[in-house]
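Please open the model in a viewer and keep the selection panel at hand.

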Amino acid sequence: MKAFFPGSFNPFTTGHLDLLARALTLFPEGVVVGIGYNEHKTTPADIAAREATLKSLLDGVAGVEVMSYDGLTINAVRRTGAGVIIRGFRNAIDAEYERSLADANRMISGIDTILLPASPELAAVSSSMVRELQHNHFDTSRWVPDASECRRRLATAESTH
């Protein structure tokens, strides 16, 4: 079964990378990384830039596909043929929110969501935190992986299946 990993990925962080690597070990048929487009929050140019960035970060990684989408996540899941949604959570507040989304998605589509807790050392990492630090000219390189780190981390996940 293939999995769908949706998010804004603004930016793609080490937390996202960890979840993707773990999802690849659970779903050897592959993981689609879906960059959601919300016209109330982003512009098409923002999404195109994020998609290009993620494709360059994840280029050549077996089992990983990157796409952008708009509308309901479940419709994107269906278009890709994925059978499950993967979501991460950092704390109890995130878990409650993600549980509500998972319940709604299942009620309207029958598609299940697997919730993965953040690895403890990454539980404080969020895209909004990274953006705020970047805005204030703080070095965020330890939380924003480059292509070589992505390939190294995901090669380890690939070798487990």
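**The sheet and its surroundings**

Begin with the open sheet, in which five strands with parallel pairing follow the order S3-S2-S1-S4-S5. Strands (E, at least two residues) and helices (H or I, at least four) are DSSP runs numbered from the N terminus, and two strands pair if DSSP finds at least two bridges between them. At the edges, select strand S3 (64–70) and strand S5 (112–117), each of which pairs on one side only.

This is a predicted model, in which local features need pLDDT of at least 70 and side-chain atom pairs pLDDT 80 or more, while totals for chains, interfaces and linings use all residues. Residues are numbered from 1 along each chain as its sequence is written, and side-chain values use heavy atoms, without hydrogens and water.

Next, select strand S2 (residues 31–37), which runs parallel to S3 and is joined to it by seven bridges. Among the residues here, Gly-36 has Tyr-69 of S3 as its bridge partner.

Turn now to the nonpolar core, a set of buried (under 20% relative accessible area, 1.4 Å probe, protein chains only) Ala, Val, Leu, Ile, Met, Phe, Trp, Tyr and Cys residues joined through side-chain atoms within 4.5 Å. The largest has 27 residues; Phe-5, Phe-12, Leu-20, Val-33, Leu-54, Leu-58 and Leu-154 touch the most other members. H1 gives the most to this core, six residues.

Centre on Leu-20: beyond its neighbours within four places in sequence, its contacts (heavy atoms within 4.5 Å) include Phe-5, Val-33 and Leu-154. Finally, select Val-32, Met-67, Tyr-69 and Ile-111, which belong to a second, separate core of ten residues.

Definitions and conventions:
Buried < 20%, exposed > 50% of the residue type's maximum accessible area, 1.4 Å probe, protein only.
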